[in-house]
Amino acid sequence: MTMILKETNHTAEFLLSEGDESIAREQVTVAAGGALLSGTVLGIVTATGEYAPYNHTATDGTEIAVAVLYTQLGESAQPRQAVIIARLSEVIRERLTGVDAAAEADLKTRYIIVR
């Protein structure tokens, strides 16, 4: 029997370019929850200020895409520290998780251009 394995994104594999000296990156707190892949589009939970996966149908702040997760995160019952791409970058659409047309428009206002 042939087994086919699918590899997930490696750290920053979604990143086409970013501003000099890592100006595009920020260290933030991501809400507790399931594992997240590098390239996950994120919003901010208004009540806590924590980042969480973008959800266009939400009403808690995560309906606005604001950043992209730089490296994968494991599942955690506690909020966790992470690096995000927050500005001045070009990213590859096919390597993003959770992106849609509205997220692309939101990210563009933060100078994260989806190619």
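**A walk through the strands and salt bridges**

Strands here are DSSP runs of E with at least two residues, helices are runs of H or I with at least four residues, and both are numbered from the N terminus. Two strands are said to pair if DSSP finds at least two bridges between them. Before going on, please note that this is a predicted model, in which local features need pLDDT of at least 70 and side-chain atom pairs count only at pLDDT 80 or more, while totals for chains, interfaces and linings use all residues. Residues are numbered from 1 along each chain as its sequence is written, and side-chain values use heavy atoms, with hydrogens and water left out.

Let us step back to the whole protein. Its secondary structure comes to one helix and eight strands, and along the sequence these follow the pattern β-β-β-β-β-β-β-α-β. The radius of gyration, taken over C-alpha atoms, is 14 Å, close to the 13 Å that the globule rule gives for 115 residues, so the protein is as compact as a globular protein of that length. That rule is 2.2 Å times the number of residues to the power 0.38. The C-alpha trace spans about 50 × 35 × 30 Å along its principal axes.

How much of the protein counts as buried? Of the 115 residues, 37% do, where buried means under 20% relative accessible area, exposed means over 50%, and partly exposed lies in between (1.4 Å probe, protein chains only). The protein exposes about 6700 Å², and carbon and sulfur atoms supply 53% of that area; accessible areas come from the Shrake-Rupley method with a 1.4 Å probe, and for residues only the protein chains shown count as cover. As for contacts (heavy atoms within 4.5 Å), among those between residues at least 6 apart in sequence, 63% join residues at least 24 apart.

Back to the strands. Six bridges join β2 (residues 25–30) to β6 (residues 80–85), and these two strands run antiparallel. Strand β6 also has β5 (residues 67–69) as an antiparallel partner, through two bridges. There, Leu69 has Ile84 of β6 as its bridge partner.

Now find the open sheet of three strands, which has the order β1-β7-β8 and mixed pairing. Its edge strands are β1 (15–18) and β8 (112–114), each of which pairs on one side only. The twist averages 15° from one strand to the next, with axes being lines fitted to C-alpha atoms (for helices, over the stretch in contact) and angles running from 0 to 180 degrees between N-to-C directions. Three bridges join β1 to β7 (residues 89–91), and the two run antiparallel.

Next come the charged side chains. Side chains of opposite charge can pair when their charged atoms come close. A salt bridge here is a side-chain nitrogen of Lys or Arg within 4 Å of a carboxyl oxygen of Asp or Glu, and by this rule the count comes to five. One of them joins the side chains of Glu13 and Arg95 (3.7 Å, N to O). Glu13 lies in the segment before β1 and Arg95 in the loop between β7 and α1 (101–108), so the pair ties together parts that are 82 residues apart in sequence. Glu13 is partly exposed at 28% relative accessible area, and Arg95 is partly exposed at 35%.

Arg25, where we began, forms a salt bridge with Glu18, with the closest N and O atoms 2.6 Å apart. Arg25 is partly exposed, at 27% relative accessibility, and Glu18 is partly exposed too, at 24%.

What does Glu90 form a salt bridge with? The partner is Arg115, and the closest N and O atoms are 2.7 Å apart. Glu90 lies in strand β7 and Arg115 in the segment after β8, so this pair ties together parts that are 25 residues apart in sequence. Glu90 is partly exposed at 22%, as is Arg115 at 48%.

Finally, look at two backbone details. Ala12 has a positive phi of about 60° although it is not a glycine. Ala12 sits in the segment before β1 and is buried, with a relative accessible area of 14%. Ser22 likewise has a positive phi of about 60° without being a glycine. Ser22 is found in the loop between β1 and β2 and is partly exposed, at 35%.
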